[in-house]
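Here are a few notes to go with the model you asked me to look over. I hope they are handy as you click through it.

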2 protein chains.
Amino acid sequence: MKHTISVQVENKFGVLARISGLFSARGYNIDSLAVGETEDPDISRITIVVHGDESVLEQVTKQLNKLPDVIKVKDFLKSNIVKRDLILIKVFADKKVRAEIVEIAAIFRAKIVDVAKESITIEVTGNEDKVVAFIDLVKPYKIKEIVRTGIIAIERGEK
Amino acid sequence: MKHTISVQVENKFGVLARISGLFSARGYNIDSLAVGETEDPDISRITIVVHGDESVLEQVTKQLNKLPDVIKVKDFLKSNIVKRDLILIKVFADKKVRAEIVEIAAIFRAKIVDVAKESITIEVTGNEDKVVAFIDLVKPYKIKEIVRTGIIAIERGEK
């Protein structure tokens, strides 16, 4: 089962290495990881997506909580959250197919960020399903390059 | 000076821990880091933003190149690139100010992803300046939470 884990940490060096080391020491491969500053510049939030054995993950979470620079660990498994992934995707596109790709982008509310002689670069955000669906649709035009942030997640407000 | 470094790696475990360890061992703090899959599921791309001493960074880059699972390292300093950051930001908002915040979001082509009784959650993408400008504009309404992916970058196509 896939888990989305949010780790709030103090913005000191070595924290990221210790956290990713903890997962790999337990044989856990990280599907994606994103680190960014929060509302407080001294605090960063790391969003990690992993899959694997539940009981091992529970141990990892406990150990994360014990690390000196870790403030809070949250497994979003049972929470009502919004997940978002961002990709930049460069697709082969000459004059002939450019309009077709622009049309696909519009359907996905994606943004064209660069147009060149033989390529077009598009920014897509959404949950994983949406991003994957977009990639599948432009695949026939041949993909030159994909850069992806990995998922971040936030809890919905109380209704 | 801020550097945006792209590291293409084989999708094996421990790679991320080794890479972030290499930076912290040299006293380099990572401003942001994002890891995601690429067009090839066996290969991930890590985008790292760091700042610090140039000569040390050169050494780090050389060492990165020597790591067994590292395929390619690129410092985007002199490249013509598109940079994008994604944030999810939850702002306090009751009925009275909701419309004002929605208006700010529209100006930034940001998307409303959740509306609750006392909060509104917005998705913003853009370069760092845009994201920072948006955060500054909604700050007076009080920010509840920010989650950020960290920057990813892609080279523009040849004109």
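**Notes on the predicted model**

1. Helix α1 (residues 15-25) of chain A is largely enclosed by the rest of the structure, because 8 of its 11 residues are buried (under 20% relative accessible area; exposed is over 50%, partly exposed in between; 1.4 Å probe, protein chains only). The buried residues are Val15(A), Leu16(A), Ala17(A), Ile19(A), Ser20(A), Leu22(A), Phe23(A) and Ser24(A). Helices are DSSP runs of H or I with at least four residues, strands are E runs of at least two, and both are numbered from the N terminus. Just after α1(A), Gly27(A) has a positive phi of about 75°.

2. This is a predicted model, where local features need pLDDT of at least 70, side-chain atom pairs need pLDDT 80 or more, and totals for chains, interfaces and linings use all residues. Residues are numbered from 1 along each chain as its sequence is written, chains are lettered from A in the order written, and side-chain values use heavy atoms, without hydrogens or water.

3. Do look at Arg109(A): phi is positive, about 50°, although this residue is not a glycine. Arg109(A) sits in the loop between α3 (95-107) and β6 (111-115) of chain A and is exposed, at 57% relative accessible area. In chain B, Arg109(B) also has a positive phi, near 50°.
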